[in-house]
Amino acid sequence: MAFPERILAEDEHIVLDLHPHWKQLLLLSVLLPVVVGVASYLLFLVPSGSVRAPLRWTIVAIAVLIVLRFTVWPWITWQTTHYVLTTRRVVIRRGVLGRTGRDIPLTRVNDVSFHHSLFERMLRCGTLTIESAGEHGQVVLPEVPTVELVQREVYRCVEEESRRLGPDRV
């Protein structure tokens, strides 16, 4: 699902449109076949017959609920989380039913730093921290893919924006 360009200003363009790193989906892809396998095995153990039908339906219902809660819902949450860098601001949007968002104008960005563990370095992701002038201070974005490249791109866009506005308007 792409970020809607209708919320951008006329002279504003999307530089990066990212979702959290795909490693969040790894557990989901492992859990789905496990739940289906266990539910199938349990259905095989329960003898067929009209007396056992409610037990079979209960197994199916529990399996469907587990799949919905622990695979489908996290995937939808991942799909609806956006880290967007435009030529004017950093936009963060999260949420499925209720949405939260934060926009940080590039002119207010003071510092951009990242952190990643050895495992995250192997997967090429990490945590990006953006410090901005204002009352909310900093934003921490977990699971950012190619975090080092994103950090450099944010700095590049900040520099371009400050050059565009000139020293007297920043």
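User: Which residues form the nonpolar patch on the surface?
Analyst: In this predicted model, the patch is formed by V30, V34, V38, Y41, L42, F44 and L45. Together they have about 710 Å² of accessible area.

User: Where is V30 found?
Analyst: V30 sits in helix α1, residues 26-45.

User: And does V30 count as buried, partly exposed or exposed?
Analyst: Partly exposed, because its relative accessibility is 49%, and buried would need under 20% while exposed would need over 50%.

User: Which residues of α1 are buried, then?
Analyst: L28, V35 and A39. They cover an arc of only 25 degrees around the axis, so they lie on the same side of α1.

User: What covers them?
Analyst: The cover over the buried residues of α1 includes α2 (53-79).

User: Which exposed residues are on the face turned away from the buried side of α1?
Analyst: That face carries P33, Y41 and F44. Y41 and F44 also belong to the nonpolar patch.

User: Switching to α4. How many residues does it have, and how far does it reach?
Analyst: Helix α4 (residues 147-165) has 19 residues and reaches 27 Å from its first C-alpha to its last, close to the 27 Å expected.

User: Which of its residues are buried?
Analyst: In α4 the buried residues are V147, V150, Q151, V154, C157, V158, E161 and L165. Their arc around the axis is only 125 degrees, which puts them on the same side of α4.

User: Why would residues three or four places apart point the same way?
Analyst: Because an α-helix has 3.6 residues a turn.

User: What do the buried residues of α4 pack against?
Analyst: Strands β1 (14-18), β2 (82-86), β5 (109-115), β6 (125-132) and β7 (138-145).

User: What follows α4?
Analyst: G166, with a positive phi near 85 degrees.

Technical notes: Residues numbered from 1 in each chain as written. Predicted model: local features only at pLDDT ≥ 70, side-chain atom pairs only at ≥ 80, totals over all residues. Heavy atoms only, no water. Helix = DSSP H or I, 4+ residues; strand = E, 2+ residues; numbered from the N terminus. Expected span 1.5 Å × (residues − 1). Buried < 20%, exposed > 50% of the residue type's maximum accessible area, 1.4 Å probe, protein only. Arc of directions from axis to C-beta. Contact = heavy atoms within 4.5 Å. Patch = residues over 30% accessible without salt bridge, like charges linked within 9 Å, V, L, I, M, F, W, Y side chains within 5 Å. Areas by Shrake-Rupley, 256 points an atom, 1.4 Å probe, with all protein chains shown as cover. Salt bridge = Lys/Arg side-chain N within 4 Å of Asp/Glu carboxyl O.
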